[in-house]
Amino acid sequence: MSSVSSPVAVPRMTSSLLPLEIALFCLLWSFAFAAGKIGVTYCPPLLLLAARFSLAGVLILVVPAIRGELRMSWRDAAVFAIIGIANNALYLGLGYTGLQTVSAGLGGLIVSANPVFTAVFAALLLGEPLTLRKVAGLALGTIGVAMIVWHRMSVGTDQLEGILYTLAALASIVTGTILFKQLAPQGSLWVGNGIQNLSAGVVLWPVALSISSVHDVVPNAQLAGAFAFLVLGGSILAYVLWFHLLKVCGATAASAYHFVMPPLAMIFAFLVLGEHVALQDLFGVVPVVLGIYLVTRAPARTMGAQS
């Protein structure tokens, strides 16, 4: 991926491929909950993540290293490493630990609250406008997610411990999102993603080996398939798309697409894991879609000025 001279210089919402990028990101991110659930069934979560991040980091950086294109300032490399600890090691480390005692669908639901907290902190710390239209969209998205969560909790068997781990994962990804926008690292997002993965792997290996045993790993085709997707589709492609959307759309608008994760995560959990999905769950999709539209729709005056 080519270098980006400045996040501010990137045009907002102008790419003709943006709808495809958004759709692909949502599909990859949503399916990762089901893949993660499969992974932690056969492998301790922190061992799975440490191996995932380490392999992904090596795969990402090997080609730029051969070509001599690993050029990045120490400051930006340090920023990407810090973001990697927040967005990779903490977010997924806590989230995967939670997946041991919560369903993949509920895990996706909790993390989908990301847009609400991101919008508030983006307004407070980044100066992103929190207009009445965005507030209405965020409220609708929250209502839709709450409808699904309420029903899932009323009939489910998810444990409080797993829910608390997943809430902590939510706080981590919100922090990473704000740090990325506030610190604005320059240079190649591809190289930056490699640094993030390697830093997360370095942080997780000592912890994983101290509390987990490699003897608990159950090698099979399901684990291999889940691991392959998490490395290639999750750690590599999905994260590059995520940070690209942050630069192009802004923190609030990009995070709003997380509202579409609950229905998609539940659909994948149903298709792949056989988790129960009721009609009441799907009713929450309507306000979610309306909320995303309100948060991400460009103002009429801005659209007219660009035409």
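Which residue just after α2 takes a positive phi? G68 does, with a phi of about 70°. This is a predicted model, in which local features need pLDDT of at least 70, side-chain atom pairs count only at pLDDT 80 or more, and totals for chains, interfaces and linings use all residues. Residues are numbered from 1 along each chain as its sequence is written, and side-chain values use heavy atoms, leaving out hydrogens and water.

Start with helix α2, residues 45–67. Helices here are DSSP runs of H or I, at least four residues, numbered from the N terminus. Still, α2 bends by about 35° at L61. The bend is the angle between axes fitted to the seven residues ending there and the seven starting there. A proline, P64, follows within four residues.

Now turn to the rings. The whole structure holds 7 aromatic pairs. Rings of Phe, Tyr and Trp (its six-membered ring) pair if their centres lie within 6.5 Å; planes under 30 degrees apart count as stacked, over 60 as edge-to-face and the rest as tilted. F25 and W242 are stacked, at 5.5 Å centre to centre and 15° between the planes. F25 lies in helix α1 and W242 in helix α9, so the pair ties together parts 217 residues apart in sequence.

F25, W29, Y91, Y239 and W242 form one aromatic cluster.

How values were computed. Helix = DSSP H or I, 4+ residues; strand = E, 2+ residues; numbered from the N terminus. Expected span 1.5 Å × (residues − 1).
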